[in-house]
Amino acid sequence: MRFIVTLLLSVFTFIAQAQNTLSLVSWNLKNFGKSKTNAELVFIAKTISSFDVVAIQEVVAGNGGVQAVSNLVEELNRKGADWSYSISAPTSGTPGSSERYAFLWKSDKIKALDQPWLDKRYAVQLDREPYLMRFKAKNTVILLANFHAIPKSKQPETEIKYLKFFPGLYAKDHLIFCGDFNLPQSHSVFNPLKKMGYTSALVNQKTSLRQKCLNDDCLASEYDNFYFHASKIKLKESGIIHFYKLFDDIKTARKLSDHVPVYSIFSIN
């Protein structure tokens, strides 16, 4: 297993450190708070350390969420790079669904512009309103919108349809949506964004974990993704990290998260 971990991380280190690129990773970390052990934090840090910016969903809104993010950043800093981070206030969703978002970034490569914010304009319509932050890498500025939609059983399309208004609200920005949308990119609710020139980084790529693997098939649904305007920023590569393959079984892997990390690598000037 140690060989597999080393090989996986070396590949992503090579990709993420390529010149003139900005690498992003998004991960729903399943009740990320005090329930995560130190060993799990070490594993998460190894998995994401090669990337420039990290977007996390499902940070616990109550006790433990803020501390877990802080502990994760401490672990990342032990790996040689200087990391900064920002954690949102709890979202204004219904009781039991409120959570926090987090952004982590390598401060020696990425500059944070302005203070991040929870966009409240559609807080009534969106159970967990998106968390936005501007980043600058070289001469490229992007605006990341970190979002976690309601579960599939609650019809996330009723929320996602409001994302079509955000490009107009931030018309001067290179806006990139990232997170867990609980719907595949092929769903018609994304059509308004597609008509504006937005495209998904991942296509026909499952990102959530099954309860039990069917032979070697452990992935269930296409939920996590990035949506970006293809004429404003160029995608070089995208994919997922099969972290669960480094665990003895899927049940143990799901204790860490029931989603895999998704990543995108963009060209920058």
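This is a predicted model: local features need pLDDT of at least 70, side-chain atom pairs count only at pLDDT 80 or more; totals for chains, interfaces and linings use all residues.
Visitor: In what order do the six strands of the open sheet lie?

Guide: Strands of a sheet pair through backbone hydrogen bonds, either parallel or antiparallel. Strands here are DSSP runs of E with at least two residues, helices are runs of H or I with at least four, and both are numbered from the N terminus. Two strands pair if DSSP finds at least two bridges between them. In this structure the order is β5-β6-β7-β8-β12-β9, with mixed pairing. Strands β5 (111–118) and β9 (198–200) form the edges, each pairing on one side only. On average, neighbouring strands of this sheet are turned by 20° against each other, direction ignored; the axes are lines fitted to C-alpha atoms, and angles run from 0 to 180 degrees between N-to-C directions.

Visitor: How many bridges join strand β7 to strand β8?

Guide: Six bridges join β7 (residues 140–148) to β8 (residues 175–180), and these two strands run parallel. His-148 stands opposite Asp-180 in β8.

Visitor: Is Ser-257 buried or exposed?

Guide: Buried means under 20% relative accessible area, exposed means over 50%, and partly exposed lies in between, with a 1.4 Å probe and protein chains only. Ser-257 has a relative accessible area of 0% and is therefore buried. Ser-257 is placed in the loop between α7 (250–256) and β14 (262–267).

Visitor: Which residues is Ser-257 in contact with?

Guide: Contact means heavy atoms within 4.5 Å. Leaving aside neighbours within four places in sequence, Ser-257 is in contact with Trp-27, Asn-28, Leu-29, Lys-30, Leu-209 and Phe-243. A polar contact is a pair of N or O atoms within 3.5 Å; within protein, one must be able to donate a hydrogen and the other to accept it, and residues adjacent in sequence count only if both atoms are side-chain atoms. A polar atom of the Ser-257 side chain lies 2.5 Å from the backbone oxygen of Asn-28 and 3.1 Å from the backbone nitrogen of His-259.

Visitor: How many salt bridges are there?

Guide: Side chains of opposite charge can pair when their charged atoms come close. A salt bridge is a side-chain nitrogen of Lys or Arg within 4 Å of a carboxyl oxygen of Asp or Glu. By this rule there are eight salt bridges. In one of them, Lys-109 pairs with Asp-52, the closest N and O atoms being 3.0 Å apart. Lys-109 lies in the loop between β4 (99–106) and β5, and Asp-52 in the loop between α2 (38–48) and β2 (53–60), so this pair ties together parts that are 57 residues apart in sequence. Lys-109 is partly exposed at 30%, whereas Asp-52 is buried at 3%.

Visitor: Which residues are linked with Arg-134 in a network of salt bridges?

Guide: The network links Asp-114, Arg-134 and Asp-173. Between Asp-173 and Arg-134, the closest N and O atoms are 2.9 Å apart. Asp-173 lies in the loop between α5 (166–169) and β8, and Arg-134 in strand β6, 39 residues apart. Asp-173 counts as buried at 11% relative accessibility, and Arg-134 counts as buried at 18%.

How values were computed
Residues are numbered from 1 along each chain as its sequence is written. Side-chain values use heavy atoms; hydrogens and water are left out.
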